[in-house]
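I opened this notebook page to keep track of what I looked up, chain by chain and then at the places where chains touch.

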Amino acid sequence: MLKKAHGLSPWLLAPAMLVGSYQALAEEVERWKYNMPVGVTPVSQDIQGLHMEMFWWCVGIGVVVFAIMLFSMIFHRKSRGVKPAHFHESTGLEIVWTAIPVLILILMAWPATKSLVRLYDTTEADMDVIITGFQWRWKYEYVGEDLSFFSSLSTPQDQINGLAPKGPHYLLEVDEPLVVPINQKIRFLITANDVIHAWWVPALGVKKDAIPGFIKESWALIKEPGIYRGQCAELCGKDHGFMPIVVEAKSEEDYRAWLEEKKAAAAALRELTAKTFTFDELYERGEAVYNKSCAACHGAAGEGIAGAFPALKGSAIAQGAIDKHIDVVVNGVPGTAMQAFGEQLSEVDIAAVVTYERNAWGNNMGDMTQPVDIYNHKQGN
Amino acid sequence: MKLPMPKNPAHALCIKLSALGVAMFVFAVWVMPPIYDVFCEITGLNGKTGKAYEAVPTSVDTSRTITVQFVAMNNEGMPWDFAPTVQTIKVHPGEQTHIKYLAHNKTGKDMVGQAIPSLVPFKATNYFHKTECFCFEQQPLKAGESAELPMIFIVDQDIPAHIKTITLSYTLFDVTDRFKSDIFASLAP
Amino acid sequence: MAHGPAKGITRWLYTTNHKDIGSMYLWFSFTMFILGGIFALIIRAELFQPGLQIVEPNFFNQMTTMHGLVMVFGAVMPAFVGLANWMVPMMIGAPDMALPRMNNWSFWILPFAFAMLSSTLFMDGGAPNFGWTFYAPLSTTYAPPSVTFFIFAIHIMGASSIMGAINIIATILNMRAPGMTLMKMPLFVWTWLITAYLLILVMPVLAGVVTMMLMDIHFGTSFFNAAGGGDPVLFQHVFWFFGHPEVYIMILPAFGIISAIIPTFARKPLFGYASMVYATASIAFLSFIVWAHHMFTAGMPVAGELFFMYATMLIAVPTGVKVFNWAATMFRGSMTFETPMLFAIAFVILFTIGGFSGLMLAIAPADFQYHDTYFVVAHFHYVLVPGAIFSITAGVYYWLPKWCGKMYNETLGKTHFWLAFIGINVTFFPMHFSGLAGMPRRIPDYNMMFADWNMISSVGAFLFGAAQILFLYIVIATIVSGRKATDQVWENPEGLEWTVPSPAPYHTFSTPPEIK
């Protein structure tokens with residue numbers, strides 16, 4: 001029998017244990033996510049309600065039909081000595097079980113129609129964001145704010161390759177989230193740079209294909225501040241599973257503050273472009289840029305992936321003319337998977353990563369390049 | 001019209017079914033794409049603004065204002081600088097408006113670009129008339145050359161009342177490989 | 001003058017006999033099923049846990065692409081054609097197919113096409129990696145060099161299907177025994193007649209879309225390239241105009257098989273024969289006007305979305321009619337549950353579950369959350385695996401004694417059934433949950449919140465794979481050393497195939513039978 005602990009009846013512990021185990025269960029359930037989120041926009045909540053309605057209709061019909069079949073399987077068996085009946089048609093029954101499903105479908109179609117029309121209404125928006133899908137990252141541009149940036153996966157390669165424990169937002173975290181205000185109708189203008197992608201954030205109830213050469217609209221009105229994560233939803237090549245979306249919804253004041261901060265940072269970066277850096281500063285910064293933006297294809301030690309992505313260690317480009325090396329990073333290599341990083345990385349970052357690649361892993365070229373060189377290269381000088 | 005058919009009815013049926021198969025192939029390659037294009041053109045559903053518009057003199061509806069936004073983007077591998085001179089402009093239906101995009105070929109090679117328009121909302125496509133647009137033709141630019149690309153448009157007076165904002169996007173593609181020899185030859189003095 | 005089949009390999013190379021050709025189609029499709037299954041197991045092995053452990057993402061994309069292509073075009077379709085070849089002539093009292101030499105040609109180009117497709121795995125740049133739905137421009141401008149061989153393989157396989165379909169229609173419409181009116185044909189023959197028309201109408205559209213791809217890639221056209229005035233979404237319209245009827249091509253013959261099996265083991269005639277025929281025809285007709293439900297998030301105008309939503313929901317009506325008719329066939333029958341019946345009943349229940357997720361997907365606004373997630377993967381695997389595959393398995397168990405004259409081992413058959421039944425549910429049911437929780441399709445790695453469902457699915461997949469090895473053993477053991485089967489095999493089954501000896505003689509119905 002249970003001993004009294006500290007003079008208290010052990011049964012007093014029971015409620016505590018129950019609550020504790022319920023919490024453990026709730027955490028387990030949180031892990032075992034099994035249903036569509038209700039989300040934080042009128043559209044996402046609308047869709048979730050519709051989904052559950054359809055689900056219960058299907059469960060109801062299934063229960064009825066399967067119950068009849070189960071009944072038959074138990075009671076209409078030869079082993080019970082049952083003699084088979086001979087009926088094999090009934091026009092009346094055919095009409096009934098055609099008409100009733102049609103009625104049920106009409107009952108389903110009515111709310112679905114209303115939801116779809118609401119989902120499509122992008123008029124009277126308070127702000128616009130242009131979203132461009134690239135292989136394999138997103139670019140966000142705030143219309144009217146002179147602010148645009150790329151948003152790439154920030155999960156370290158080590159976590160993906162099993163060399164480090166995975167964080168809670170594994171594959172659902174980015175370096176620059178899309179920050180937006182709550183309670184404002186945001187219109188998304190979605191397109192793509194290369195192949196078809198799709199921008200999807202379940203909590204916002206937004207999914208739209210990003211088609212190269214075409215612009216498509218969607219919208220969201222976020223009612224609660226928070227961080228909402230999504231993923232690309234159209235196969236777009238090698239890293240389709242590695243270009244997540246993070247939307248951070250802030251109160252209007254916090255959003256304005258963030259906007260000012262971002263613009264100031266962009267201005268500061270422009271100033272940094274004029275600065276002259278030491279070799280060590282460039283090398284250190286370049287290593288960080290390399291690990292974030294290049295290692296996924298070219299390998300943590302510059303070894304590449306045989307047959308797919310060339311090694312940079314000992315490569316002709318990293319050990320060749322520096323101008324050509326800069327050109328490859330800025331403009332990419334058309335017809336291959338090597339993207340043009342000229343728009344995505346700042347001049348400082350490009351100068352740093354080129355310096356790093358030319359000197360790491362034994363390449364030891366001993367040279368370096370400054371942000372202003374990258375700027376000039378981009379201008380065509 | 002009686003075509004010669006084999007006597008065996010099974011063989012005759014096979015010939016007819018084969019013809020049906022061929023017809024479906026012809027339908028897929030030569031009929032479906034044009035139907036799609038015509039359908040999109042007539043309804044405007046797809047945001048592809050059409051060809052040059054013959055402007056008819058018309059009065060300007062000053063009671064309504066439509067906001068027109070301009071977006072520019074470069075397709076992959078297109079390194080030119082490409083941007084509109086104004087991002088947003090407010091116009092009245094019936095009013096002819098001029099705007100410009102700037103393009104700069106900052107590479108060391110002669111190139112040819114093609115701007116492809118895309119407009120939202122789809123319902124506005126057939127009410128957005130371009131009397132002149134740089135997207136009607138390919139744009140050649142020699143190495144280092146810049147150009148001002150004009151666009152003249154009129155928003156139709158009959159545009160539905162609920163449309164208050166139109167967004168016009170141009171995606172700039174590199175079509176040098178296809179057009180370079182033709183275009184630069186025709187430009188030679 | 002009667003003579004037996006030729007001897008040696010030339011028998012199989014030159015045969016014009018529908019039974020031989022049927023057997024070759026079935027063995028070929030089973031081999032492709034195993035190959036496609038291996039690709040699936042590589043996928044599920046990588047997805048067993050979060051992280052990239054086994055394959056590179058680009059190879060993973062090749063696996064998902066090849067799994068789809070091989071299963072759709074190499075396993076399911078040829079298996080149904082094999083069953084058609086074996087059974088349609090016997091069911092209508094005909095001596096063979098209308099064009100026996102074309103029949104041989106239809107088969108033999110298939111191994112060639114799939115050898116070429118499989119060889120792309122070893123080419124520079126790897127196999128096709130753009131999904132079995134190969135959307136442009138991923139499959140045109142951004143495709144590996146092997147895409148040209150992929151296009152060529154599709155053309156050959158399409159030609160095989162079209163020739164087969166022409167043969168089937170010509171046979172059914174011209175070679176029925178006197179007295180067998182259309183409304184006296186077994187439902188398997190009806191479903192194949194309708195399927196054959198679908199094939200002739202849409203396989204050329206598939207040929208058209210890959211030809212347009214070929215022209216965009218190699219000849220400078222711009223069907224799907226915005227730069228030249230084209231539109232990637234046009235690809236989707238043309239592809240799915242083929243693609244939706246294609247999935248009905250993969251299920252209508254299944255309906256026919258189930259409609260043959262349930263009455264036999266319920267000892268009761270099929271309920272509502274005429275309704276079943278009209279429902280099948282309605283499904284085939286409706287299949288042409290629903291294609292854009294695969295494109296609800298591509299930016300179609302709202303009127304278009306509504307039309308496709310309503311049309312898609314409508315397909316639930318004739319499909320429901322068929323399910324009710326099967327249930328009514330079982331009701332007040334006198335049922336036994338041999339292996340074919342187990343697979344057939346599982347078909348009805350699990351295909352209906354797949355139908356329910358299909359109905360949910362049809363609801364366009366909800367589809368914005370389902371599209372390109374594992375919810376869709378769950379849906380189509382339910383209708384294809386316990387749907388099409390179970391019906392083929394059921395048909396094999398049902399007709400194998402007629403083909404080879406020997407009974408399979410009933411205990412082993414039931415074991416195969418239960419392993420497969422548990423395997424597919426453990427594999428595919430959790431996908432409803434991971435999809436609803438937000439897991440996209442075609443990704444080689446995922447966040448922890450999807451981990452448990454993925455682990456369960458992977459275990460189920462290997463169980464299902466093992467069950468197929470058992471199936472192979474059962475079939476071979478039956479052919480080699482099964483107990484002798486009677487001519488009727490089952491208790492009073494309906495159909496002309498049961499009036500010939502087991503094994504069926506090389507030539508049957510050289511003189512037409514009398515139809516009462």
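I began with contacts in chain A, where 63% of those between residues at least 6 apart in sequence join residues at least 24 apart; two residues are in contact if their C-beta atoms, placed from the backbone, lie within 7 Å. Before going further I noted that this is a predicted model, in which local features need pLDDT of at least 70 and side-chain atom pairs count only at pLDDT 80 or more, while totals for chains, interfaces and linings use all residues. I also noted that residues are numbered from 1 along each chain as its sequence is written, and that chains are lettered from A and ligands numbered from 1 in the order in which they are written.

**Chain A overall**

I found 10 helices and 10 strands in chain A, where helices (H or I, at least four residues) and strands (E, at least two) are DSSP runs numbered from the N terminus. The radius of gyration of chain A is 29 Å, well over the 21 Å that the globule rule gives for 381 residues, so the chain is more spread out than a compact globule; the radius is taken over C-alpha atoms, and the rule is 2.2 Å times the number of residues to the power 0.38. I looked up the extent of the C-alpha trace of chain A as well, and along its principal axes it spans about 90 × 70 × 50 Å. Of the 381 residues in chain A, 38% are buried, a term for residues with 20 or more other C-beta atoms within 10 Å of their own, with C-beta atoms placed from the backbone.

**Strand 1 of chain A**

I then turned to strand 1 (residues 127-134) of chain A, in which seven of the eight residues are buried, so the strand is largely enclosed by the rest of the structure. Strand 1 of chain A runs parallel to strand 5 (residues 185-192) of chain A, with seven bridges joining the two, and I counted them as a pair because DSSP needs to find at least two bridges between strands. In this pairing V129(A) stands opposite F188(A). Strand 1 of chain A is also joined by six bridges to strand 2 (residues 137-142) of chain A, this time antiparallel, and a hairpin links these two strands through two residues. Here I noted F134(A) opposite R137(A).

**Helix 8 of chain C**

I checked helix 8 (residues 252-266) of chain C, whose 15 residues reach 22 Å from first C-alpha to last, close to the 21 Å expected at 1.5 Å a residue; the expected span is 1.5 Å times one less than the number of residues. Helix 8 of chain C is mostly covered, with 15 of its 15 residues buried, and R267(C), which follows the helix, has a positive phi near 55°.

**Where chains touch**

Between chain A and chain C I found 77 residues of chain A in contact with 77 residues of chain C. Helix 3 of chain A gives the largest share of the chain A side, 14 residues. That side divides into 44 nonpolar, 17 polar and 16 charged residues, where Ala, Val, Leu, Ile, Met, Phe, Trp, Tyr, Cys and Pro count as nonpolar, Asp, Glu, Lys and Arg as charged, and the others, Gly among them, as polar.

For chain B and chain C, 25 residues of chain B are in contact with 26 residues of chain C. Helix 1 of chain B gives the largest share of the chain B side, 15 residues.

Note on methods
A residue is buried if 20 or more other C-beta atoms lie within 10 Å of its own, exposed if 12 or fewer, and partly exposed in between; C-beta atoms are placed from the backbone.
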